[in-house]
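Please keep it in view while I talk.

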Amino acid sequence: MTVTGQDQDSHEARLLGGLADGRASVRLRAALAIGSAPRPGFVGALVERCAVEPEFSVRDMLTWALTRHPVSLTLPALLRELGSQGAQARSQALHTLSKTRDARAYPAITRALLTDADDEVARSAWRAAVVLVPEGEEPALVAVLVTQLGRGPLETRRSLSRALVGLGEVIVPALRAAAEVADPEVRAHVLATERLLRDPDSGFEGAVEEAKRVVALGGPGRAGRDDGRC
C-alpha cells in the first residue's frame, strides 16, 4: 500500500499529539517513534517538550530523539533555550548539547550558566562544558568552576567534582589556590575532589567525610599536602 503525503502528515500529527498526552507511556512511545524516523518538523516540538516534561525517562527519550536529528537543525533551537526563563528548559538544553558533542555550542555556556542559581542548571552546564571545551581553554573553565566549590548539597558537589576531575591535572593549581580560603566547606570539597583525581573509583561521599575530618582536625589547608605534594 502506498503511503501518501496526507497519510504521512496525519502520522506526524499523531506523534506530535502523543508528546503532549497525559500518559507518560504514550509520550515515551511518541518520542521513541520520532527518534526512529526523524524529520525536521519534529525538532521544535521535542525541544518545547523537554522544557516541561516531568518524567525523567521521557526526558531521556526526548534527548535521544533530538540527537537523531541533524545538528544543523537542533543546535540553533537548543542554543535559544539557554536564554529561557525556565530552569528545566535551560537544564535540558545543556544536557542535550552535551550529547550532541558539537564544540560550536561551547561559547554559549557562559559564566552565568556555570554559576546559575538553580543547581540542576549549573550541574548540566558543568557537564556540558567539560565535554565541549576546546583544547587550550580548560584553564579558563577551571577558573570559573572552582568558584562553585562548597556549593549546595552532596549531589551538587559530587557533580562539580566529577566535572573538574574530567578535566585532568590542569585543575591542580586551581584546587591548591582554592584550598587556601577559610571556608571549611570549600576546603573539604577541594580535598575530596583531589582524592577523586588520584582515585576516580573512590566513593565521593566517603571522600567528603574524610576531608571534613581532616579539616576539622586542622589538617592541611592546601590541597595535596596530605599526599606528599609540595
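Let me begin with a term: a residue counts as buried when its relative accessible area is under 20%, as exposed when that area is over 50%, and as partly exposed in between. Because Arg49 has a relative accessibility of 17%, it counts as buried, and please bear in mind throughout that this is a predicted model.

The side chain of Arg49 meets that of Glu53 in a salt bridge, at 3.0 Å from N to O, and Glu53 is itself buried, with a relative accessible area of 0%. A salt bridge also joins Asp116 and Arg90, at 3.2 Å from N to O; Asp116 sits in the loop between α7 and α8 while Arg90 belongs to helix α6, so this pair ties together parts that are 26 residues apart in sequence. Both of these residues are buried.

In total the structure holds twelve salt bridges, and Glu120, Arg123, Glu155 and Arg158 are linked in a network of them.

What, finally, does a search of the whole structure for cavities of 30 Å³ or more find? It finds one, with about 30 Å³ of space, and α6 gives the most to its lining, with three residues. By class, that lining has six nonpolar residues, one polar and one charged.

Technical notes:
Residues numbered from 1 in each chain as written. Predicted model: local features only at pLDDT ≥ 70, side-chain atom pairs only at ≥ 80, totals over all residues. Heavy atoms only, no water. 1 Å grid on protein atoms, 1.4 Å probe; cavity = no way out; pocket = protein on both sides within 12 Å on 5 of 7 lines; lining within 4 Å. Points joined across faces, edges and corners; volume = space filled by probe spheres on them. Helix = DSSP H or I, 4+ residues; strand = E, 2+ residues; numbered from the N terminus. Nonpolar A, V, L, I, M, F, W, Y, C, P; charged D, E, K, R; others polar. Salt bridge = Lys/Arg side-chain N within 4 Å of Asp/Glu carboxyl O. Buried < 20%, exposed > 50% of the residue type's maximum accessible area, 1.4 Å probe, protein only.
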